[in-house]
Amino acid sequence: MKNVNFLIALSMMTTISGCAHLESIANTHTDTETLIKKSDIAYKNKNYSEAAQIYQILADRNNIYAQNKLGNMYQKGQGVYKDTPKAIFWFKKSAESGFADSQYQIGNIYYYGENVSKNYKEAAYWYEKAAIKGDVRAQTALGIMYSYGGEGIDQNYTTAAYWYQKAAEVGGLQAQLHLGYLYLHGLGVNKDEELAKSLWKKICDIGEKKACKNLNTIKNK
């Protein structure tokens, strides 16, 4: 019993010592850039506990990058207990200040129902914020949502084509794949089989198997 108590006490002392050490780092290196470098290095080295604690210090100082990283760590359970509400809390802190990745991550949480009820309207709301800022993943996700519709989102091929086009213009592979389908069938755009084939050939040449399969299907008609 004494040994157990000793180990518990030792663990608590180590934790307190570690926290004091990190607070010391934060007080010594008050510039944000230095602290971000230290936390990023700790994260890269898989020292998640230290990274999370430094990100927490920065997040409390309203650093949107650190808030985003902390949200990711709570989402994945890295260095902290997995906690979706806390992940959403920190993502929203960052997202409300315009951090596109946080906006996209919140969209994903609601779209896939990651420990929350699926909410496509909420997902679309956050995807659109990230898409407007140029996030290719969010632009493609919005395109998919408007292509299929449902769950409070009206099907709208024109809007889907718009977001696919935005993502395709900067190299979004999945966007080009879906946009080709719309051009092939004239959904939300003027029907243009040659343009569809051109989009698919471009990404087939770099290994997109679905695009290659689509090209073969057209060829074998």
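**Reading a helical model**

Modeller: N62 is exposed, because its relative accessibility is 55% and the exposed class begins over 50%. Keep in mind throughout that this is a predicted model.

Biologist: Where does N62 lie?

Modeller: N62 belongs to the loop that joins α3 and α4. Its phi is positive, at about 70 degrees, although N62 is not a glycine.

Biologist: Which value does phi take at K46?

Modeller: Phi of K46 is near 65 degrees, again a positive value in a residue other than glycine. K46 sits in the loop between α2 and α3, the latter spanning 48-60. With 63% relative accessibility, K46 counts as exposed.

Biologist: How is a pair of packed helices described?

Modeller: Two numbers are used: the angle between the axes and the distance between them. Take α2 (residues 32-44) and α4 (residues 64-76): their axes come within 11 Å and cross at roughly 25 degrees. That makes the two helices, α2 and α4, roughly parallel, because the cut-off for that class is under 35 degrees. The crossing of α2 and α4 is left-handed.

Biologist: Which residues of α2 and α4 meet?

Modeller: From α2 come I36, D40 and Y43, and from α4 come Y65, K69, M73 and K76. By class, this contact of α2 with α4 has 4 nonpolar, no polar and 3 charged residues.

Biologist: α4 also packs on α5. At what angle do the axes of α4 and α5 cross?

Modeller: The axes of α4 and α5 (residues 84-95) cross at roughly 160 degrees and come within 8 Å. The pair α4 and α5 is therefore roughly antiparallel, since that class takes angles over 145. In handedness, α4 passes α5 in a left-handed crossing.

Biologist: What meets what between α4 and α5?

Modeller: On the α4 side the residues are I64, Q67, N68, L70, G71, N72, Y74 and Q75, and on the α5 side K86, A87, W90, F91, K93 and S94. The contact of α4 with α5 counts 6 nonpolar, 6 polar and 2 charged residues.

Biologist: Q75 is in that list. Is Q75 buried or exposed?

Modeller: Q75, a residue of α4, is buried, because its relative accessible area is 13% and buried means under 20%. Its side chain makes a polar contact with the side chain of E114 at 2.8 Å. Leaving aside neighbours within four places in sequence, Q75 is in contact with K82, A87, F91, Q105, I109 and E114.

Biologist: How do α6 and α7 pack?

Modeller: The axes of α6 (residues 100-112) and α7 (residues 120-132) are 8 Å apart, and the helices pack at an angle of about 160 degrees. By that angle α6 and α7 are therefore roughly antiparallel to each other. Their crossing, α6 with α7, is left-handed. The contact involves A100, Q103, Y104, I106, G107, N108, Y110, Y111 and Y112 of α6, together with Y120, E122, A123, W126, Y127, K129 and A130 of α7. By class, the contact of α6 with α7 has 11 nonpolar, 3 polar and 2 charged residues.

Biologist: And Y125: where does it lie?

Modeller: Y125 is in α7. It is partly exposed, because its relative accessible area is 44% and that class lies between 20% and 50%.

Biologist: Beyond neighbours within four places in sequence, which residues is E208 in contact with?

Modeller: They are Q174, L177 and I203. E208 and L177 are 31 residues apart along the chain, and their C-alpha atoms are separated by 8.6 Å.

How values were computed:
Residues are numbered from 1 along each chain as its sequence is written. This is a predicted model: local features need pLDDT of at least 70, side-chain atom pairs count only at pLDDT 80 or more; totals for chains, interfaces and linings use all residues. Side-chain values use heavy atoms; hydrogens and water are left out. Contact means heavy atoms within 4.5 Å. Axes are lines fitted to C-alpha atoms, for helices over the stretch in contact, and angles run from 0 to 180 degrees between N-to-C directions. Helices (H or I, at least four residues) and strands (E, at least two) are DSSP runs, numbered from the N terminus. Angles under 35 degrees count as roughly parallel, over 145 as roughly antiparallel, 65 to 115 as roughly perpendicular and the rest as oblique. A crossing is left-handed if the near helix is turned anticlockwise from the far one by less than a right angle, and right-handed if clockwise. Ala, Val, Leu, Ile, Met, Phe, Trp, Tyr, Cys and Pro count as nonpolar, Asp, Glu, Lys and Arg as charged, and the others, Gly among them, as polar. Buried means under 20% relative accessible area, exposed over 50%, partly exposed in between (1.4 Å probe, protein chains only). A polar contact is a pair of N or O atoms within 3.5 Å; within protein, one must be able to donate a hydrogen and the other to accept it, and residues adjacent in sequence count only if both atoms are side-chain atoms.
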